[in-house]
Amino acid sequence: MNFKFTESQNELRRQVREFVEAELAAGTFKVVSKALVAQFSIEFSRKMAEQGWIGINWPKEYGGQGLGQVEKMIMLEEMFKYQAPVGYHFMGERQIGPALMKFGTDWQRDHFLPKIISAEKGIMFCLLFSEPDAGSDLAAVSTTAIKEGDDYIINGQKVWTSEGHVADYGWLLAKTNFDESLPKHRTCSEFIVDMKMPGITIRPLINMVGEHTFNEVFFDNVRISKKYLVGQEDAGFKQIMAQMNYERSGIERLLQNYPVYSELKRFINEMDESEKTGEYFFWIRDKMAQLEIEFTVGRLLCYSTAWSIDQGETPTSQAAISKAFCTQFEQRLNDFAMAVIGPNSIIREGAKWMPLVVDVAACYLWGVSYTLQGGSVEILKNIIAQRGLGLPR
Amino acid sequence: MDFALNNEQEMLRRSFAEFLTKECPFDQVREIKKDEAGYSKDIWKKMARLGWLGLIFEEQYGGSEGSFLDLFVLFEEIGKVLLPSPLFTSIVLAGLLIQESGTDEIKNKYLPPMIDGKKILTVALLNEKGMIDGDNPSIIAKKVPEGDFIINGTRLLVPYANIADEILFCAKIEGDNEGGPSLFSVNGRAQGLDIQPMDTITEEKKYAVVFTNVSVPAANIIGKIGRGDTHLHPVLQKAIVLKCGEMMGGFRQVVDMTVEYAKERHQFGRPIGSFQAIQHYCADMAIDLEGALLIAYQAATLISDGVSCAKEVAMAKAWCSDVYKKATQVSQQIHAGIGFTEEYNIQLFFKHAKESELMFGHSIFHRSKVANEIGL
Ligand SMILES: Cc1cc2nc3c(=O)[nH]c(=O)nc-3n(C[C@H](O)[C@H](O)[C@H](O)COP(=O)(O)OP(=O)(O)OC[C@H]3O[C@@H](n4cnc5c(N)ncnc54)[C@H](O)[C@@H]3O)c2cc1C
């Protein structure tokens, strides 16, 4: 047992940190802390690709470095500390690439993988899973993909599609089998859809933070070639679930608001000496120490899950534990940060008197969504109880 | 990074577990607690024969120079069965104090019989207020012209003082305003020692030890005069981490027993473990356990590697104390009526968790250390 990183892992961390700090100093991006992978810049992704950091954990045959999930996490940890804009390639690299390697056709691999890994123009992905009546119960999707010759015709509606308005492609889950006797998780399939196809309408949804990141997406007789079907017909749900560990164990779940965390420590340290006494300060110390412990626990959960994946395991319960813990930690962090800062913490970004460099109020509002995306905390607990502990359904 | 024990350590764990589950079922634990001595001489002898009392001691004194992590794993397994024994106080506290601070003479005198299981040592840490006052002890040692010391003072909740051959303690030397406290050892049957049993929630053998003009030879000072606190500090760090190990064993057992019960107990025609409220309680426990194991093992590996880790130790004790206790509370809720009976074993862990939380500083205490470490 050993909690240390290797020399080459430390070296990777140093390189990434130097890179990010140089980019920050050069003004390529600003530290904006709030949503999950909120910022994207194709230029930034390109630069990462040049370093070989996109697909760092992809096998060499697909142009990756063949390193592990742990190395990817080290790289992302340094990126997220400053909220570097990695959004352009993030989904494609994390979700679509590995799925195509596992389930895709030769054509799909040849066509998409090189584009994703080099952050080519026109290769940003969004996820078209959720529907108005299929949220936690994802297998209940009712968007249909009906085969017609060599094509599929798509009809239906998706919702909460993050970056749907800027993405080039969507990763779609749709119903392909209407045999009522089948369990519904064996009736849907995965597709790649060009978001510019005729028949697709994208409507913005403004979230409670006041921002436009997610959307409604409507499909009206959208015709796509069958070469965009990914993996087996009717096996889409199973394929998605097989990928969920990557999504859930990510360190972005811990570091969405890292700048709040580091800024808060600075804020407390810079409090007037006269304020650093008495009952109130004792409370601050205690809570801040608690957060430090929770942060440490969360980070260990992330890395140990990544390590398990690198050992060839499928740590479904462990990944659920990691995400459940980390996202709730971030909610507590933002809540406490606002309490310490006091009434001024509700001042929004751009106002002269904003107390921290980052918009802690926005983080607090965004926090509401952390325990929903990628499986609500309740769904995660169901998984831990049933898959991890073996409790009966 | 490597989050798994190596093969040797896994084998060691299995041998600890096999022995302890065989020798120490809960009935046995209850027997031992009722027994006058408070430990099983038979189990103790067997543990000595297996070499477990010498795991982390130097070979020349009969130890096997194993790693600290091995000992951590042993305590984890002990925590699962709640074996009452002087292992913690004799081997960890007293043994390490002697190994790390004693002269060759002292080590030769105390360690071999201790490792053989023939002599039992204990350390009297807590003052009348229940505080570890190693920095400024309320016990006073007065030097008499012949060179000996006369000791007066009180220690509470001293484990196994009834059977201890030697009791270690820190005392302040009267009139010496410069030096710190000194670490002494006194014969457990010395004149002037009053040893009275104390009834506690865990029913483990704990004693009040009152020193009234107890005479202790100067040769019984362990380590440097006036440096007792610096001798004590590193040993306490290790003891805290091993206590975390013991708590983690208890925590694992609580989760296993609770999940097992939730699968078996039926109400409304189905297992209570199929109710989501119960499932989510259990999932919360599993989340906390996973994190606590990681933070405890992190501290254990750092100590094992000899890396300084004040912050990691404090984080581990704070977190393990809180989440283990929380799990035992929830576990009682899930067990409901049966869990509240004396006869049912889950309550042993409820008490163990509470006691462990309070020993060597609870979470608020350790969070204040963490706050110091992060510069607040
Ligand atoms: C900011 C944001 C971005 C998102 N981005 C995307 C995206 O890009 N693509 C995409 O496809 N989706 C996206 N989603 C959707 C997200 O995955 C869903 O919100 C989530 O799966 C929950 O579904 P729902 O909102 O319909 O809630 P519901 O499923 O209706 O859940 C409502 C409540 O019931 C609870 N509940 C439901 N079932 C159970 C159960 N079996 N046991 C216990 N409790 C249960 C839930 O935990 C929740 O508390 C996003 C969501 C948000 C908030």
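1. A residue is called buried when its relative accessible area is under 20%, exposed when that area is over 50%, and partly exposed in between (1.4 Å probe, protein chains only). The structure is a predicted model, in which local features need pLDDT of at least 70, side-chain atom pairs count only at pLDDT 80 or more, and totals for chains, interfaces and linings use all residues. Residues are numbered from 1 along each chain as its sequence is written, chains are lettered from A and ligands numbered from 1 in the order in which they are written, and side-chain values use heavy atoms, with hydrogens and water left out.

2. Chain A contains 12 helices and eight strands, whereas chain B contains 11 helices and 10 strands. Helices (H or I, at least four residues) and strands (E, at least two) are DSSP runs, numbered from the N terminus.

3. In helix H2 of chain B, residues 26–34, the buried residues are B:Phe26, B:Val29, B:Arg30, B:Ile32 and B:Lys33. They lie on the same side of H2(B) because they cover an arc of only 160 degrees around the axis, the arc being that of the directions from the helix axis to the C-beta atoms. On the face turned away from this buried side are the exposed residues B:Asp27 and B:Lys34.

4. What covers the buried residues of H2(B)? The cover includes helices H3 (41–49), H4 (68–81), H7 (228–264) and H10 (346–358) of chain B.

5. The radius of gyration of chain A is 22 Å, close to the 21 Å that the globule rule gives for 393 residues, so chain A is as compact as a globular protein of that length. For chain B, with 376 residues, the value of 21 Å agrees with the radius near 21 Å of a compact globule. The radius is taken over C-alpha atoms, and the rule is 2.2 Å times the number of residues to the power 0.38.

6. Of the 393 residues of chain A, 58% are buried; of the 376 residues of chain B, 59% are buried. Among contacts (heavy atoms within 4.5 Å) in chain A between residues at least 6 apart in sequence, 73% join residues at least 24 apart.

7. Chain B has 39 positive and 50 negative side chains, with the centres of the two sets 3 Å apart. Here Lys and Arg count as positive and Asp and Glu as negative, while His and the chain ends are not counted. The place of a charge is NZ of Lys, CZ of Arg, CG of Asp or CD of Glu.
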